[in-house]
Amino acid sequence: MKKNIIFLFFFFLLINTFSQNYTISGYVRDDNSGEELLYSTIYVEEIKQGFSTNQYGFYSISLKKGTYNLTFSFLGYETTTQNVQLIKNTSLNINLINSDNTINEVVVIGQASDKNVKSNEVSSIDLNVKEIKLIPVLMGEQDILKALQLMPGVSASSEGSSGFYVRGGDADQNLILLDEAPVYNVSHLLGFFSVFNSDAISDVKMYKGGIPPKYGSKLSSVTDIRMKNGNLKHWEATGGIGLISSRLTVEGPVIKEKISVLISGRRTYADILVKNFKKDYRDLSLYFYDLNLKTNLILSDKDRIYFSGYSGRDVFGLQDFGFDWGNSTATLRWNHIFSNKLFLNTSVVYSDFNYGFRAEFNKNVIGFSAGILNYMFKQDYTYYLNTNNTIRFGVQSIYHDFKPMSFKLIEKNPDDTLNAFRDTSLVPQYALESGIYMSNEQKIGDKIQILYGLRFSVFNNIGPYTTKIYDDENEVIEETVHEKNEFYYTQYYFEPRFNSTLLVNESTSLKVSYNRTVQYLHLLSNSTSSSPTDLWMPSTSNLKPEKADQWTIGLFKNFFENKLETSVEFFYKGFYNQVDFEDGAQVMFNPDVEAEIITGIGRAYGTELLVRKKTGKLTGWISYTMLKSERQNDKINNGNWFPARQDRRHDVSVVATYQILPKLNFSATWVFNSGDAVTFPVGKYYIDGVMMNLYSERNADRMPDYHRLDMGLTWIIKDNKKFYSDLNLSAYNVYNRKNAYLIRFVEDEETGQTQAERLALFGIVPSVTWNFRF
């Protein structure tokens with residue numbers, strides 16, 4: 001099988017005929033800021049073929065000797081055409097001018113008007129920050145992750161949460177990258193805000209399927225978020241002031257067109273407001289902050305260096321109690337052009353997620369901390385072989401430092417009740433995750449495009465650590481001690497990837513994809529989305545890596561000269577070694593938690609529909625997802641299949657933006673989804689006079705259906721080259737529906753009967769935000 005894959009790779013590569021070609025290459029940039037325009041489009045009229053820049057704004061096209069008209073386009077920018085006489089290898093950098101009249105359109109930047117049909121991408125989503133500025137959201141805080149939740153196949157893990165599920169996968173199976181650094185917890189304020197400040201972001205791309213071979217580590221999706229590089233031509237500031245938070249971004253050249261810097265910050269001030277109105281809360285700390293930094297250094301036409309960093313934290317404290325959590329990332333990146341055909345990106349990455357708790361009582365202080373720390377090195381090469389073949393290959397290695405819960409006890413007044421907190425720290429674990437990949441994106445004639453590739457991943461556990469073998473009663477029967485830096489358990493997998501596109505006609509295409517993904521890290525949590533107490537563990541001899549196989553087929557069709565996009569996709573995903581827990585399992589503070597974990601299989605399949613209008617006064621989209629997601633485990637539900645929590649049969653999003661006047665825009669979103677699968681009590685019994693609940697089978701019940709309408713109004717107060725400002729008024733949950741966030745069961749004191757109580761999280765929530773740029 002492996003030999004066949006390698007043979008096919010080189011067979012497809014060698015069937016192409018070679019001729020004397022020359023290469024034209026360069027960058028496509030914003031004329032105003034010098035910012036690279038990622039995934040912009042280049043169309044060569046003479047050969048009727050389109051190309052695009054890569055994720056760094058670089059392009060390379062090999063053509064026969066001759067004269068060509070190259071059209072460069074990027075939605076939201078004026079199109080430009082260059083006449084090129086190609087008699088030698090040529091470097092051509094293009095600056096595109098931002099169109100003043102496109103700010104009011106909801107568009108997907110970086111896509112040609114027919115890219116959804118003609119590109120060889122399946123199940124991908126491209127978002128631009130402009131796109132989400134007009135979408136009404138909770139508290140008026142722009143949020144790229146909440147915008148993604150309005151697309152087919154992506155659903156919020158709970159109301160108001162920035163956590164999400166993709167095509168029936170768990171919330172921890174989504175790889176989220178910020179300038180190539182993995183972010184393990186994307187939530188502020190327990191999920192109501194994401195950690196990404198939209199003012200510092202330039203591009204967002206999500207893969208739900210058809211995942212390129214260069215990505216690994218997670219099963220269900222990849223969300224690749226790119227920060228702005230910083231304005232190389234002039235200084236500017238953007239920001240906003242809202243009801244509970246404010247933000248400010250400053251960027252500009254240190255040396256014009258050579259070195260730029262971007263600094264962005266955001267902070268909430270709910271605690272400051274509460275302190276001023278409630279004297280009982282003078283000791284309250286309740287806030288989060290984000291800091292983003294990016295520097296951009298152009299060394300030469302062939303070399304460029306970037307450094308980006310992020311630090312964000314949530315802090316909650318009241319008198320003798322405190323809790324905080326946060327992420328820190330840093331990325332040092334070097335882009336090098338070896339030749340007109342060969343492009344290299346080298347990255348060194350640091351990522352840290354940690355949290356801590358502190359409580360003081362009787363003059364004693366108790367606290368704990370936990371987290372996960374990563375160091376990564378990666379190289380990605382792109383070789384533009386010819387007009388019909390683009391080869392990508394690379395290597396990646398990540399060192400994982402798992403920091404389980406560690407207690408710290410400061411005793412000023414010794415107390416025997418503190419014995420439970422002495423010597424309860426768990427042993428840290430270490431691992432090395434590596435991967436190599438190679439792929440070729442090939443065009444066969446005018447109608448067919450294919451991408452075929454292979455990723456090979458390896459995972460090694462590293463000492464010091466003591467491995468254990470358990471019996472059926474979860475008792476330790478054997479231990480093995482591994483020394484420091486000892487590689488004691490190695491696992492490896494081949495991960496094939498394949499995409500294909502058949503262009504039926506100029507407005508219709510049929511696409512098919514398959515990908516295998518492997519996940520070596522496991523999240524031990526019973527919550528519905530990422531929470532501050534997430535506990536990550538590596539794969540071990542007791543805990544096998546999770547795997548998934550996904551097949552997708554889609555039909556893409558545009559109408560009215562690409563003004564209306566439509567698509568329907570069918571997918572099936574098979575899961576293996578899915579992590580679950582035995583009933584009554586103790587997850588936290590358990591040194592033998594591996595014995596409590598049980599694994600099973602899963603499946604998710606469904607249909608996604610999308611209808612989208614991108615131009616005119618009325619823009620927006622309608623998305624619909626029909627999904628069935630199930631799990632099976634021999635130790636749960638008598639071995640029968642049961643619904644996963646994220647098994648939502650129907651999910652609908654309607655997004656609309658209407659330009660009432662040149663400077664006045666109205667927007668609205670309406671969402672509906674079937675209720676989550678949950679386990680409710682169906683009876684009760686007594687043991688020694690104590691009432692106990694009798695529960696149904698796993699996830700046999702349903703939460704009530706969820707629906708909500710949000711509206712927003714944006715008034716552009718001033719808009720010229722020197723100053724821009726707008727006022728955004730929005731309302732979340734306009735018709736004040738009391739959607740169930742939690743259902744609890746309580747016993748009526750008079751009748752003794754158990755009753756269900758629906759707890760709603762939000763009613764109608766108005767907000768106002770003033771945004772500016774100068």
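Tyr572 is partly exposed because its relative accessibility is 36%, where buried means under 20% relative accessible area, exposed over 50%, and partly exposed in between, with a 1.4 Å probe and protein chains only. Tyr605, at 32% relative accessibility, is likewise counted as partly exposed. The model is a predicted one, in which local features need pLDDT of at least 70 and side-chain atom pairs count only at pLDDT 80 or more, while totals for chains, interfaces and linings use all residues. Residues are numbered from 1 along each chain as its sequence is written, and side-chain values use heavy atoms, with hydrogens and water left out.

A pair of aromatic rings is described by the distance of the centres and the angle of the planes. Rings of Phe, Tyr and Trp (its six-membered ring) pair if their centres lie within 6.5 Å; planes under 30 degrees apart count as stacked, over 60 as edge-to-face and the rest as tilted. By this rule there are 28 aromatic pairs. In one of them, Phe193 and Phe288 have ring centres 5.6 Å apart and planes at 45°, so the pair is tilted. This pair joins distant parts of the chain, with Phe193 in strand β15 (residues 193–194) and Phe288 in strand β21 (residues 284–298), 95 residues apart; strands (E, at least two residues) are DSSP runs numbered from the N terminus. Phe193 is buried at 4% relative accessibility, and Phe288 is buried at 0%.

Tyr572 and Tyr605 form a stacked pair, 6.0 Å from centre to centre with 15° between the planes. Tyr572 belongs to strand β36 (residues 564–581) and Tyr605 to strand β37 (residues 597–613), so that the pair links parts of the chain 33 residues apart. Elsewhere, Tyr27, Tyr56, Phe58, Phe343 and Tyr384 make up one aromatic cluster.

Charged groups also sit over rings, a term that requires NZ of Lys or CZ of Arg within 6 Å of the ring centre and within 35 degrees of the ring normal. Arg603 places its charged end over the ring of Trp641, 3.8 Å from the centre, and Arg333 lies over the face of Tyr306 at 4.3 Å.

Turning to strand pairing, four strands form an open antiparallel sheet in the order β3-β2-β5-β6; two strands pair if DSSP finds at least two bridges between them. β3 (49–52) and β6 (80–86) are at the edges, each with a single partner strand, so one side of each has no neighbour in the sheet. Strand β5 (residues 66–73) pairs with β6 in the antiparallel sense over seven bridges, and Asn69 has Asn83 in β6 as its bridge partner.
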